[in-house]
Amino acid sequence: DFESLIAEFRANPTESNDDEEAASAESEEESSDDDQAVPSTRTAAAAVPSASKGKGKGKAAVAAASDSESDDSYWDSDSDESSSSSDSDDDGQVGIARWLKKTPTKEDTSAKKAKKDRAQRSQRAAAAQAAAAAEEDEDDDGFTAVGKDGKAVEAPKYNERNLNEHLLALIASRGRKNTNKLESIKSLETLLGVGVNALQKAKVLMALVSAQFDSAPSSGYLPIEMWHKAQSRLNELLSLLEANHQITILETGDSHDYEEDFEYNNATITLRGSIIASIDRLDDEFTKSLRNIDPHTPEYVERMRDTVPLYLTIVRAQGYFEHRNLNDSLCRVAFRRLEHLYYRTDQVNLHVESAAAALPRTSESHVVPASTAGNMEAIIHSLCTFLYLNADTLLRSRAMLMHVFNHALHKRYYVARDLLLMSHIQENVHQADVDTQVLYNRAIAQLGLAAFRLGKIQESFEHLVELMSVGHHRELLSQGVGQLRMHQLSPNEEQLQRQRQLPFHININLELLECVFLTSSMLLEIPFMASANINPDARRAPISRAFRRLLDYNERQVFIGPPENTRDHIMAAAKSLAAGEWEDARDFIQSIRIWSLLPDSEEITSMLASKIQVEALRTYLFTYATQFESVGLADLATMFDLPKGKVYALLARMVYHNEVQASLDEVGGVLVFSRTSHDASSRLQQTALALSNKANTFADINERVFELKINGGQAPGDRQQGGERGDRQQGDREGRPAQNRRDGGGGRDGRDNRDGQRGNQNRRDGGSGGQGGGHRGGRGGRRGGNAGGGGGQRRNDN
């Protein structure tokens, strides 16, 4: 009534004024548009009650206020639009005047203010509603879930009788778009607790492990926490199968979707599933996580601790397959076990095998007999032998390459080399898949390292040259992604290379590999370069083009500072070795720090010092063989700090292989160089011969210029014109008949070969070159007879 309204106004006059202004503004809008009359009247009438009821407490007051405000905002927006449209229609302005800026009137200002006030009231009502809801939640901790239709959704009730029904529903929902994977995992864990016998638990465990693997993201790896849960459930499944021998899981088994599973009486049954697929997925997710984690962080080390539990799971699965005579699955799990052993040393593998030996065994294993305990070579040999006899071609090839790698890792070079050669895999490895090619490259690299550790420099170089000569050995070993010089990788190719990349702890040290390759190349290439002094005319290709290219680049440098990295040390040692300073070369090689990564670093450094002494002696003999008539063995032994017997054996081998033209005098203890070969000349003789050839070339050019000058710039004719022109001349300059000149004139104009007595011969030996070397032979005959002709012949041969 009126009294209550007066009391309300006195209590809150501001809000009442706002309501009155809003009501007046709405009434003005009603008058401007007849179509909106009814909803505007309702809104105006509801303005005061909504304000009065908003002061009440409880959900009813808040709900009423929110409803009224929402209705007001809805209808008022329509009325505003209608009023604005009616105003634009009633203005009567036509053309550009309709779009000019208008001066706001008092009515427009009041309408905008009313609209703003309504928005503020709506916000206050929503805040009050949220506060009331929070108070209600505090008062009542429980809640009821509702579905899309607003009806309450009851939680499913699981028991042993409806377990199959719910399990089938959860399995059917896998892979669907709107399926919540975490909720499915929780439901399966609940079903696992409901199962009353081994059959029901086995079926739920298989579905649970698969659901946990499904939670992995598409472009990443399975979260480590979820990986641990999957491993735990897989171990639980293996324990269940080990305790219940009547239950077998096969890929060709029956689904057994029967409601009577709760009445299972331990009868023999075969379920449909794949344990080996779960093992493969578990191992692959572990490798994928190592591939994506930064190897220089503690997280990588922490992740590496899961290697032993994973290996124990693989060993348990091997025992299960072996007991059930599942040959295909047994071969695959044995290969997985071999993958975890082949790249590690025996000291590390023994600790892992000691943990595996503590596992309970139901029967004796025929794959890895108990007699091999404590002998890692025998364990790996047993696994490889089983795969050789029972696995398919792909697994056999990979097992053989892993066997080769393991032998080479432990310095059993000859065993590894013979095994690789007998397999003939190098003949068709280019047709194999990418993973097998990577494994082959790793085996070859490890063979090269094993040969180097044994002092087999030539064999080490032969193993590594094909791998290290190319510029992308990192990609060939799957230890990184790099761009080729003339080829740009596409995003798909780069992604595939990253997926094939090996974890960091499996990688071969590329710096060590490069150091071994360059050191072997130095010990072979430097004596080979020095041997060119004995036979300079022999055209020889370099032994190592990569090393020769690096050495040439180093020699072209204007300023060369002290060596800083591995490559600089080897280049400095190569230059010292070529100069005969073997002690400096030895110091440069031994100062490389990368040798400390090898287990027998001290033996390797002493071996390299001995090799450098021997190669320095050979380089010295090749370089100065043309300067000596004989050299004493005692002097060589003193100069290179070698035993006299070793020097004698080395010189005897060089003489036997015809590397030097010399003979050993055992009585006098000297090496006597022979002069039977005239090709072996000193550097001074070689330089003088080159100068003589260049002087002949300059003289020939001068003759051509002079001939053009006397002919008035006209080019000389062909050979026959030159011969006829020789007939018409007064004869040979040395008094020989013109016929002989014609016979010997095989050069440019019939003037090139002027030795009448040796004309035809010079024509065949030196004159056949035309513009090349024949005219030089003829000119030699004119100047000095046989000496000049011989020079022309040598020039043509060169």
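A salt bridge is taken here as a side-chain nitrogen of Lys or Arg within 4 Å of a carboxyl oxygen of Asp or Glu, and the structure holds 26 of them. The model is predicted, so that local features need pLDDT of at least 70 and side-chain atom pairs count only at pLDDT 80 or more, while totals for chains, interfaces and linings use all residues. Residues are numbered from 1 along each chain as its sequence is written, and side-chain values use heavy atoms, with hydrogens and water left out.

View 1. Arg 281 pairs with Glu 285, their closest N and O atoms being 2.9 Å apart. Both belong to helix 11 (residues 275–292), where a spacing of 4 residues separates them by about one helical turn; helices are DSSP runs (H or I, at least four residues), numbered from the N terminus. Arg 281 is partly exposed at 30% relative accessible area, whereas Glu 285 is buried at 2% (buried means under 20%, exposed over 50%, partly exposed in between, with a 1.4 Å probe and protein chains only).

**View 2. A salt bridge between distant parts of the chain.** Asp 600 forms a salt bridge with Arg 453, with 3.6 Å between the closest N and O atoms. Asp 600 lies in the loop between helix 26 (582–590) and helix 27 (601–624), and Arg 453 lies in helix 19 (residues 434–453), 147 residues apart. Asp 600 is buried, with a relative accessible area of 11%, and Arg 453 is buried at 13%.

View 3. His 340, in the loop between helix 14 (327–339) and helix 15 (346–357), is buried at 6% relative accessibility. Leaving aside residues up to four places away in sequence, its contacts (heavy atoms within 4.5 Å) include Asp 283, Tyr 311 and Asn 349.

Key. Helices (H or I, at least four residues) and strands (E, at least two) are DSSP runs, numbered from the N terminus.
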